[in-house]
Amino acid sequence: MFRRKDCVWLLAFAMLVVAFSGSAFAAKSGGKSAGGSTGGSAISLAPLVVDANGNGLPDFGDVVTFNISTTSTTQPYVNLQCTQDGAVVLNSWNGYFADALNTSWDFGLGSGAWQSGAGDCTATLGMYTKRGWSKLAATSFHVGA
C-alpha cells in the first residue's frame, strides 16, 4: 500500500521525467545561419499561395509558404517575422511536419498590427531542443504595399 509521502515522491519523479523527456526536443542542432542554408538545412520562399494582384511578388494581403529541407530534425518549425519601420507587425509560427497542430503551412501577409503597406520579413527554419529554440536557416524578403 502506498503512503501519502510515497505518492508525493512518485508524482514529483513522474513530473521530472515528463519535463526532461520528449524526443521532439532532444534532436541535435545542425548549425546556425543568417543565410538561406547551413548544415543540411535550407529555407526559401515558395511560389505564392495567393497572389492577389498577380504580379508574382509577395505583397500585403498575399499568402506565402516556404520550401524547407533539413537533416537536423523530423519536426522543423518556421517562424515568420515581419516589420514595418522597425516595429514587429507579424510574428507567426507553423510546424512543418505531419503531426503539427497547425492545419496549413501557409502564412498570410497581414495581421491586426499590420493593416496595410509594405514590410520586410524574415522566415527562420528551426527546431526545439533541450536548450530552447535552435535556428537552422533563414531567408529574408520584402513585401510590397
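Visitor: In which strand is the place of Thr124?

Guide: This is a predicted model: local features need pLDDT of at least 70 and side-chain atom pairs count only at pLDDT 80 or more, while totals for chains, interfaces and linings use all residues. Residues are numbered from 1 along each chain as its sequence is written, and side-chain values use heavy atoms, with hydrogens and water left out. Helices (H or I, at least four residues) and strands (E, at least two) are DSSP runs, numbered from the N terminus. Thr124 has its place in strand β8.

Visitor: Is Thr124 buried or exposed?

Guide: Buried means under 20% relative accessible area, exposed means over 50%, and partly exposed lies in between (1.4 Å probe, protein chains only). Thr124 has 12% relative accessibility, so this residue counts as buried.

Visitor: Which residues does Thr124 touch, not counting those up to four places away in sequence?

Guide: A contact needs heavy atoms within 4.5 Å. By that test, Thr124 touches Ile43, Tyr77, Val78, Asn79, Trp133, Lys135, Ala137 and Ala138.

Visitor: How many helices and strands does the protein have?

Guide: Start at the N terminus: the elements run α-β-β-β-β-β-β-β-β-β. The secondary structure comes to one helix and nine strands.

Visitor: What is the order of the open sheet of four strands?

Guide: Two strands pair if DSSP finds at least two bridges between them. The pairing in this sheet is antiparallel, and the order is β6-β5-β8-β9.

Visitor: Which are the edge strands, each pairing on one side only?

Guide: Look at both ends of the order β6-β5-β8-β9. The strands that pair on one side only are β6 and β9.

Visitor: How many bridges pair β8 with β9?

Guide: A hairpin joins the two strands through two residues. Leu125 stands opposite Ala137 in β9. Strand β8 covers residues 119-129 and strand β9 residues 132-143, and their antiparallel bridges number 11.

Visitor: And how many bridges join β5 to β8?

Guide: Gln81 stands opposite Thr122 in β8. Strands β5 and β8 run antiparallel, and the bridges between them number seven.

Visitor: Why is the pair of Tyr77 and Phe97 named as it is, and what is that name?

Guide: The structure holds nine aromatic pairs. Rings of Phe, Tyr and Trp (its six-membered ring) pair if their centres lie within 6.5 Å; planes under 30 degrees apart count as stacked, over 60 as edge-to-face and the rest as tilted. The ring centres of Tyr77 and Phe97 are 5.4 Å apart and their planes stand at 75°, so the pair is edge-to-face.

Visitor: How many residues apart in sequence are the parts that this pair ties together?

Guide: Tyr77 is partly exposed at 23% relative accessibility, whereas Phe97 is buried at 11%. Tyr77 lies in strand β5 (residues 77-84) and Phe97 in the loop between β6 (87-95) and β7 (107-108), so the separation in sequence is 20 residues.

Visitor: How far apart in space are Leu48 and Asp59?

Guide: Leu48 is found in the loop between β2 (41-45) and β3 (63-64). Leu48 touches several residues beyond four places away in sequence, including Leu57 and Pro58. Leu48 and Asp59 are 11 residues apart in sequence, and their C-alpha to C-alpha distance is 9.8 Å.
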